[in-house]
Amino acid sequence: MNSVSGGEERPPEPVAAPGGSLPRLVQREQSGAWVVAVVGAFDLTSTPALAAALEAGARSHARVVLDATGLTFADSTVLNLLLHVHRTTVLRVAAPPPQLARVLELTGADAVLDVRPTLEEALAD
């Protein structure tokens, strides 16, 4: 399990996305929730690291927050992952960028997922 206590941050091993950029994610406990902050583009090749982080958070915390502030691209594998994790825990998506917000809207996933405009709102009870 990727449990980190005391607010200590530990990023997973980076996985290169197409085009050579490395997406990153940072996991931490904050306000009683497991927060996974993403930076960069996530697709079929990089989503496994995100899946591991969200699923580990779901096993160890009652609430998981995806901080999407730094997300530059998300494909259908990310959408499928969010819907899967949503079935296993309280999942909140914080500050989705316009591209992700549009995908959530077009697919109707915004009616299923708990999407909040800011990280602070996603952490609030």
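**View 1. Salt bridges in the whole predicted model.** A search of the whole structure finds 4 salt bridges, a salt bridge being a side-chain nitrogen of Lys or Arg within 4 Å of a carboxyl oxygen of Asp or Glu. The model is predicted: local features need pLDDT of at least 70, side-chain atom pairs count only at pLDDT 80 or more, and totals for chains, interfaces and linings use all residues. Residues are numbered from 1 along each chain as its sequence is written, and side-chain values use heavy atoms, with hydrogens and water left out.

**View 2. The salt bridge of Arg63 and Asp125.** The side chains of these two residues meet at 2.5 Å, N to O. Arg63 lies in strand 3 and Asp125 in the segment after helix 4 (119-123), so the pair ties together parts that are 62 residues apart in sequence. Helices (H or I, at least four residues) and strands (E, at least two) are DSSP runs, numbered from the N terminus. Arg63 counts as buried, at 10% relative accessibility, whereas Asp125 is exposed, with a relative accessible area of 85%. Here buried means under 20% relative accessible area, exposed over 50%, and partly exposed in between (1.4 Å probe, protein chains only).

**View 3. The network of Arg92, Asp114 and Arg116.** Salt bridges link these three residues. In the pair of Asp114 and Arg92, the closest N and O atoms are 3.2 Å apart. Asp114 belongs to strand 5 (residues 114-116) and Arg92 to strand 4, so this pair ties together parts that are 22 residues apart in sequence. Asp114 also forms a salt bridge with Arg116, where the closest N and O atoms are 2.7 Å apart. The relative accessible area of Asp114 is 26%, which is partly exposed; Arg116, at 21% relative accessibility, counts as partly exposed.

View 4. Arg92 is buried, with a relative accessible area of 9%. Not counting residues up to four places away in sequence, Arg92 touches Arg63, Val64, Val65, Leu66, Asp114, Arg116, Glu121, Ala122, Leu123 and Ala124. Contact means heavy atoms within 4.5 Å. Two of these residues, Asp114 and Arg116, are also linked with Arg92 in the network of salt bridges.

**View 5. The largest nonpolar core, with 27 residues.** A nonpolar core is a set of buried Ala, Val, Leu, Ile, Met, Phe, Trp, Tyr and Cys residues joined through side-chain atoms within 4.5 Å. Leu25, Val36, Val38, Leu50, Leu54 and Leu82 touch the most other members of the largest core. Two or more residues of this core come from each of strand 2 (33-42), helix 1 (47-60), strand 3 (63-74), helix 2 (76-86), strand 4 (90-94) and helix 3 (98-107). Helix 1 gives the largest share, 6 residues. Apart from this core lies another, of 7 residues, including Val35, Val65, Ala122 and Leu123.

**View 6. The hairpin of strand 1 and strand 2.** Strand 1 (residues 24-30) pairs with strand 2 in the antiparallel sense over 7 bridges; two strands pair if DSSP finds at least two bridges between them. Arg24 stands opposite Val39 in strand 2. There are 2 residues between the strands of the hairpin, and Ser31 takes a positive phi near 55°. In a regular strand the side chains alternate between the two faces of the sheet.

**View 7. Gly40 in strand 2.** Gly40 counts as buried, at 14% relative accessibility. The C-alpha atoms of Gly40 and Gly70 are separated by 6.3 Å, although the two residues are 30 apart along the chain. Leaving aside neighbours within four places in sequence, Gly40 is in contact with Pro23, Gly70, Leu71, Thr72 and Phe73.

**View 8. The chain as a whole, with 4 helices and 5 strands.** Read along the sequence, the pattern is β-β-α-β-α-β-α-β-α. Of the 125 residues in the chain, 45% are buried. Among contacts between residues at least 6 apart in sequence, 64% join residues at least 24 apart. The chain exposes about 6,100 Å², of which carbon and sulfur atoms supply 56%. Accessible areas come from the Shrake-Rupley method with a 1.4 Å probe; for residues, only the protein chains shown count as cover.
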